[in-house]
Structure formats: structure tokens, C-alpha cells
Amino acid sequence: FSSQSDGLRELLVASFLSEKTATPAKLTSGSQEHVEALELAWHAPLTTVTNDLRTLLSPQLKSYKLSATHLNTFLDVTRGGPQTFLMNNLLHFPSAKSAAAAYGSAMHRTLQLAHFHVASTGEQKPAEDILHDFERQLDKEQLSEADHATYLQKGSDALNLFLEQRPDAFTVTQKAELNFAGQDVHIDDAHITGMLDVADLNIKEKTMTVTDYKTGTPIKDGRASSEYDKIKLHKYKQQLMFYKLLVEGSRDYHDYTVTAGELLFVEPNKFQEIVSTQIAYDDQELAEFRRLIATVWQRIQSLDLPDISDYEPNLKGILAFEADLLQDTSPLDQ
């Protein structure tokens with residue numbers, strides 16, 4: 001039991017403990033590194049791959065499909081990598097939805113409704129209706145009053161700028177929330193899936209542009225300065241490459257070529273600009289990325305989850321992990 005509260009007030013022993021005859025031993029928290037290790041160690045017995053765990057997950061793995069989000073989770077050594085993937089995406093440990101994630105969900109649904117309106121009516125949805133949609137979508141999220149007020153103002157301001165600066169954002173040639181769950185897409189043995197925020201189809205030329213909406217700090221023209229933004233941009237680029245492979249390997253759209261991928265940031269930058277980043281597709285990068293998907297798939301199916309403790313928790317570490325996966329060499333299997 002804790003001897004003190006967060007406010008440093010002394011705490012009494014709980015009654016069900018005070019009735020015990022055992023004498024408690026006083027422990028100190030130790031170093032910060034020790035505390036961090038203890039915070040992570042609780043799940044170690046649950047994420048250790050055993051025969052029992054293989055048996056438990058076998059039915060799920062037979063029907064499993066790999067998404068871009070799951071792939072990013074597996075590769076991100078800054079956030080636990082394969083072990084976090086196991087906990088969140090296979091064992092489905094519950095986790096609280098952050099206020100920022102709730103805001104992002106409300107914003108995505110709002111833009112989706114605006115796309116659906118244009119597709120069904122051929123006309124732009126009035127700005128006041130889009131703002132009202134955002135408020136209704138935010139109301140559905142479990143937010144505190146303070147967070148709700150903050151994000152309602154933040155989102156309304158962002159949408160006003162977005163609609164003003166991107167009047168061509170919603171067109172009749174676009175398909176919003178294009179779902180590939182039933183398209184039976186395979187990269188070698190890997191069964192992949194996903195949902196595109198926006199696919200803009202040129203039916204005559206059989207080409208497609210994929211747009212992915214992003215909330216959060218905008219990255220203009222692929223220029224990222226902070227380590228956090230560099231990692232984010234790396235994930236975004238892989239996400240758009242994943243979507244290209246998904247579209248071109250699908251049953252219904254295999255005759256389309258994805259010629260461009262765009263990250264469209266809904267929130268303005270410090271200059272109050274709505275910006276985007278175009279991702280260029282490189283044949284060699286795509287070929288390596290295909291191999292990376294296939295390799296990660298095999299690791300998942302065999303529950304061969306590498307120890308990532310030797311990798312730096314930064315972009316350099318992520319790239320080193322990916323390189324080792326592609327080469328299938330040490331230190332992965334040591």
C-alpha cells in the first residue's frame with residue numbers, strides 16, 4: 001500500500017490489510033529508471049509467447065488481416081513495438097481513448113459526412129451544417145466539460161479555415177471511407193486491409209489519388225524538424241505506400257494506378273494556413289516496403305516477436321529495426 005497520497009498526506013492501511021498479521025516491509029521507489037521498468041514489467045508475463053498463448057491466438061491469427069495502423073504499431077520501437085502490437089492488436093488490452101483521439105475521431109466523421117453529402121446531392125454542404133455536424137460528433141465522445149469546450153472551439157476554428165481555404169476539398173469524383181475489408185488483398189502471404197479517408201478516381205484514365213486527413217501539428221511539404229514529427233512523417237509515408245499496394249492489389253480497383261498520395265492537415269499551421277504534404281512513390285522503396293509487410297506478417301503468424309530493447313527509441317532505432325527485419329538478421333533472434 002502507499003504510505004502517502006499524491007498530495008503527500010499520510011495514508012492509513014486499508015482494513016482488509018490491517019487485519020493481517022504480516023508485518024509490511026517499507027520499500028522506496030528507487031531510481032527513475034527503476035520506476036519506469038516497474039511500470040512496464042507488469043505485462044511481461046502476459047506477453048511472453050508460450051504454447052498456451054499460441055493455442056489461444058491460433059483461431060484469431062487464421063482470420064487476421066494486417067492494416068497500416070497495426071504495421072506501424074509493430075515497427076514503432078519508441079512505443080513498445082511488437083510487444084505493444086501483441087497487447088493492443090491481438091490480446092486487445094483495454095485502453096482509455098485520449099481527448100485528442102476523441103477530437104480526431106469527431107473531425108474525421110464530420111469530414112466523412114461532408115463527402116457523403118456531395119456524393120449524394122452533387123452540392124456542397126453548407127458550412128454551418130458542417131460545423132453543426134462536428135458539434136454533434138464531439139458530443140458523442142466521452143470528454144470532460146473542459147476538454148469538450150476546448151476541442152469544440154479548436155475544431156470549429158480549424159473547420160472554418162479549412163472550408164475557406166479548401167473549397168475544392170469535397171468533389172463528386174471522390175469516394176470517402178473506402179473500405180477494403182472485403183477485397184481479399186494479399187502481399188505475398190500477407191492478408192492486408194484498410195480504409196481510405198478519400199480516394200479521388202479518374203475513371204477515364206484509371207488513376208487514383210489517395211488523401212489521408214490528419215489532425216495535430218501540420219507538416220508542410222514533408223519538412224519535419226522535431227524528432228517526434230520525423231517519426232510521424234515516416235509513419236505517414238508508410239501508410240500511404242500501404243494504401244497504394246492495397247488499392248492496386250484489390251479485386252475492384254486492381255486496374256487503377258495510385259499516382260499520388262496526400263496528407264491533408266485539417267488544422268492550420270502557425271501562419272493560419274491549411275497545408276498538405278505530397279508523398280512521391282518510388283519503385284525501389286515500394287519493393288522494399290512490400291518485403292517489410294511480408295516479413296512482419298510472417299513474424300505475426302508465427303508469434304516470433306523480436307526483442308527491441310537494443311534499439312534506440314527514436315527514428316534511427318525504427319529504421320534500424322526495419323532494416324534488420326528485412327535482412328532477418330541479429331540482433332532480432334539473439
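**Exercise 1.** How many nonpolar, polar and charged residues does the lining of the largest cavity have?

*Solution.* The model is predicted; local features need pLDDT of at least 70, side-chain atom pairs count only at pLDDT 80 or more, and totals for chains, interfaces and linings use all residues. Residues are numbered from 1 along each chain as its sequence is written, and side-chain values use heavy atoms, with hydrogens and water left out.

Step 1. A cavity is a set of points, on a 1 Å grid over the protein atoms alone, where a 1.4 Å probe fits but cannot get out; lining residues have an atom within 4 Å of a point. The count comes to 1 cavity of 30 Å³ or more, and about 30 Å³ of space lies in the largest cavity.

Step 2. The lining of the largest cavity is formed by H108, L111, Q112, H115, A176, E177, D197 and Y213.

Step 3. By class, this lining has 3 nonpolar, 3 polar and 2 charged residues.

Step 4. Among the elements (DSSP runs, helices of at least four residues and strands of at least two), α7 (99-121) and β1 (174-179) each supply at least two lining residues. The most comes from α7, with 4 residues.

**Exercise 2.** Identify the residues of the largest nonpolar core that touch the most other members.

*Solution.* Step 1. A nonpolar core joins buried Ala, Val, Leu, Ile, Met, Phe, Trp, Tyr and Cys residues through side-chain atoms within 4.5 Å; buried means under 20% relative accessible area with a 1.4 Å probe, protein chains only.

Step 2. Of the 60 residues in the largest core, F74, I192, L196, M208 and I293 touch the most other members. Helix α10 (residues 227-248) gives the most to this core, with 10 residues.

Step 3. Apart from this core lies another, of 25 residues, including M107, I130, L163 and I274.

**Exercise 3.** Classify the aromatic pairs Y64 with W297 and Y236 with F265.

*Solution.* Step 1. Rings of Phe, Tyr and Trp (its six-membered ring) pair if their centres lie within 6.5 Å; planes under 30 degrees apart count as stacked, over 60 as edge-to-face and the rest as tilted. The structure holds 12 such pairs.

Step 2. Y64 and W297 are stacked, at 5.9 Å centre to centre and 25 degrees between the planes. This pair links distant parts of the chain, 233 residues apart, and both Y64 and W297 are buried.

Step 3. The ring centres of Y236 and F265 lie 6.4 Å apart with planes at 55 degrees, so this pair is tilted. Y236 lies in helix α10 and F265 in strand β6 (residues 257-265).

Note on methods
On a 1 Å grid over the protein atoms alone, a cavity is a set of points where a 1.4 Å probe fits but cannot get out, and a pocket is an open set with protein on both sides within 12 Å along at least five of seven lines; lining residues have an atom within 4 Å of a point. Grid points are joined across faces, edges and corners, and a volume is the space filled by probe spheres set on the points. Ala, Val, Leu, Ile, Met, Phe, Trp, Tyr, Cys and Pro count as nonpolar, Asp, Glu, Lys and Arg as charged, and the others, Gly among them, as polar. Buried means under 20% relative accessible area, exposed over 50%, partly exposed in between (1.4 Å probe, protein chains only).
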